[in-house]
Amino acid sequence: MALDDPRRLIPRTDQLMALPPVRQARDRLSEDLVRALVRETQDRARRGEIAPDEVEPAVLAALGARSASSLTPVLNATGVVVHTNLGRAPLSAAALDALVTAGGYVDVELDLGTGTRSRRGAAARAALLAACPPAEDALVVNNGAAALVLATTALAAGREVVISRGELVEIGAGFRLPELIESTGARLREVGTTNRTHLRDYAEAIGPETGCLLKVHPSNFRLEGFTAGVEVGELRPLARAHGVPLVADLGSGLLTPDPRLPSEPDAATALEGGADIVIASGDKLLGGPQAGLVLGASDVVARMAAHPLARAVRADKLALAALEATLAGGPAPVVRALHADPDRLRDRAERLGAAVGAPVVAHDGRVGGGGAPGVPLPGWAVRLPEAAAPLLRTGRPAVLPRVHDRACLLDLRCVPEADDERLRAAVQTALAALAGAVDSTGGAR
Ligand SMILES: *Cc1c(COP(=O)(O)O)cnc(C)c1O
């Protein structure tokens, strides 16, 4: 490097690391992360992107903009309530409070009165039982898939799981239930055909090798036409006669029926209908944290809880706390979004449309998360040019619209009303940037 090379003037790493604001930033950011931000900024100066005397302010700006978590909050304007790519269910205020409390030392496994160890997650269990009266007992594990693995392992490893061919489903991104079940050492005993399965198919398959009967709710598709299936209630006498547990994987997590989703199965109805246990996710329609819920007969739940695998899939204290608070607190955002008043949605959409000069169109939201396929959630959307979508996604706050038919659609169903103003500001910023880009390329508006 020549003596007069301006790169000689770039502040050294140790100088930058010693600056008081940089030292303070190390209270909230790891030393490695701070050092990496410093190096990145020096590199920008070496490449000539910034001048040497701009390095220090650029480091301070980069540190100020950075937090320890790089997850970006997103306003979900897609109308899809349980959005897999956005982390499924957003938590209720009560659940968020509970998370903060549970982040410290808490009595998750301690009886404060006696000072002795208590049953882990007793409060979450009690809240589940209160919310689903037909259940005798409940167990909370890491997620729905873990609950299914635990059930088939504890009840059927080395033996057979009897299941209809119409229920051998792929849930999402390469996650196939049959492969998951076989990974436990249980053998699949497939009965019936893809479109039709009868009670006699189950009756012929059941025998000394049967570990359990499994009913899976094919939550992400619908079979129409010449179809036949066997309901839990019809299987009950067969399972009872052979002393074999009947397991129902419901997926969605409704604990009791929801009139808004008439064909979505719920835990209480399935248990009353004769399932020994039901399995469901905590972060789908229940609107809680990621969790696998097992509800039902106390002897079957006890067999699962006593299996060594239960320890490997147990729920963490954060999930237990958030689950209890989801059940005991006010309505979860998922529930609010599913039951949003269409007139109110229209008012909000029209206000946004008027503020940004864009039309409002009818738009159907979706349940999402593989739930209630084909059930529209009628509402409204503000329609913007398609080119607004990437600007909204990368703006602050980040906004995820639905891109459809060459338009960028903003459905307010899953946007908390308190965020309407932030959304309006984000849309105005995106539209202004779009207009600027069009003007500077000489294009017509
Ligand atoms: C979603 C789903 C699962 C998996 O639950 P996770 O909580 O995602 O692990 C299992 N079975 C069915 C029917 C589902 O819909």
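Modeller: Leaving out residues up to four places away in sequence, Ser164 touches Val191, Thr193, Thr197 and Tyr202. Please bear in mind that this is a predicted model.

Biologist: In which strand does Ser164 lie? Is Ser164 buried or exposed?

Modeller: Ser164 belongs to strand β6, which covers residues 160-164. Buried means under 20% relative accessible area. Ser164 counts as buried because its relative accessibility is 4%.

Biologist: Which backbone atom lies 3.0 Å from a polar atom of the side chain of Ser164?

Modeller: That atom is the backbone nitrogen of Gly166.

Biologist: Let us turn to a helix. Which residues of α6 are buried, and against which elements do the buried residues of α6 pack?

Modeller: Ala124, Ala127, Leu128 and Leu129 are buried in α6. The packing partners of the buried residues of this helix are β5, β13 and α14.

Biologist: How should I read a nonpolar core, and how many residues has the largest one here?

Modeller: The largest here has 36 residues, and Leu128, Val140, Leu213, Val278 and Leu295 have the most contacts inside it. Among the elements that give two or more residues to this core are α6 (122-131), β5 (137-141), β13 (292-296) and α14 (317-328). Beyond its neighbours within four places in sequence, Leu295 is in contact with residues including Leu128, Ala138, Leu271, Ile277 and Val278. Another core, of 32 residues, lies apart from the largest one; Leu150, Ala151, Cys212 and Ile279 are among its members.

Biologist: Finally, the ligand. Which residues are around it, and how many of the shell residues are nonpolar, polar and charged?

Modeller: The residues around the ligand include Arg88, Asn143, Ala145, Phe175, His217, Asp249, Ser281 and Lys284. By class, the shell has three nonpolar, six polar and three charged residues.

Biologist: Where are polar atoms of the protein placed relative to oxygen atoms of the ligand?

Modeller: An N or O atom in the side chain of Arg88 is 2.8 Å from a ligand oxygen. A polar backbone atom of Ala145 is 2.8 Å from an oxygen atom of the ligand, and a polar side-chain atom of Ser281 lies 2.7 Å from a ligand oxygen. Taken alone, the ligand exposes 380 Å², of which the protein buries 94%. The elements giving two or more residues to the shell are α7 (144-156) and β11 (246-251).

Note on methods: Residues are numbered from 1 along each chain as its sequence is written. This is a predicted model: local features need pLDDT of at least 70, side-chain atom pairs count only at pLDDT 80 or more; totals for chains, interfaces and linings use all residues. Side-chain values use heavy atoms; hydrogens and water are left out. A residue is near a molecule or strand if one of its heavy atoms lies within 4 Å of it. A polar contact is a pair of N or O atoms within 3.5 Å; within protein, one must be able to donate a hydrogen and the other to accept it, and residues adjacent in sequence count only if both atoms are side-chain atoms. Accessible areas come from the Shrake-Rupley method with a 1.4 Å probe; for residues, only the protein chains shown count as cover. Helices (H or I, at least four residues) and strands (E, at least two) are DSSP runs, numbered from the N terminus. Ala, Val, Leu, Ile, Met, Phe, Trp, Tyr, Cys and Pro count as nonpolar, Asp, Glu, Lys and Arg as charged, and the others, Gly among them, as polar. A nonpolar core is a set of buried Ala, Val, Leu, Ile, Met, Phe, Trp, Tyr and Cys residues joined through side-chain atoms within 4.5 Å. Buried means under 20% relative accessible area, exposed over 50%, partly exposed in between (1.4 Å probe, protein chains only). Contact means heavy atoms within 4.5 Å.
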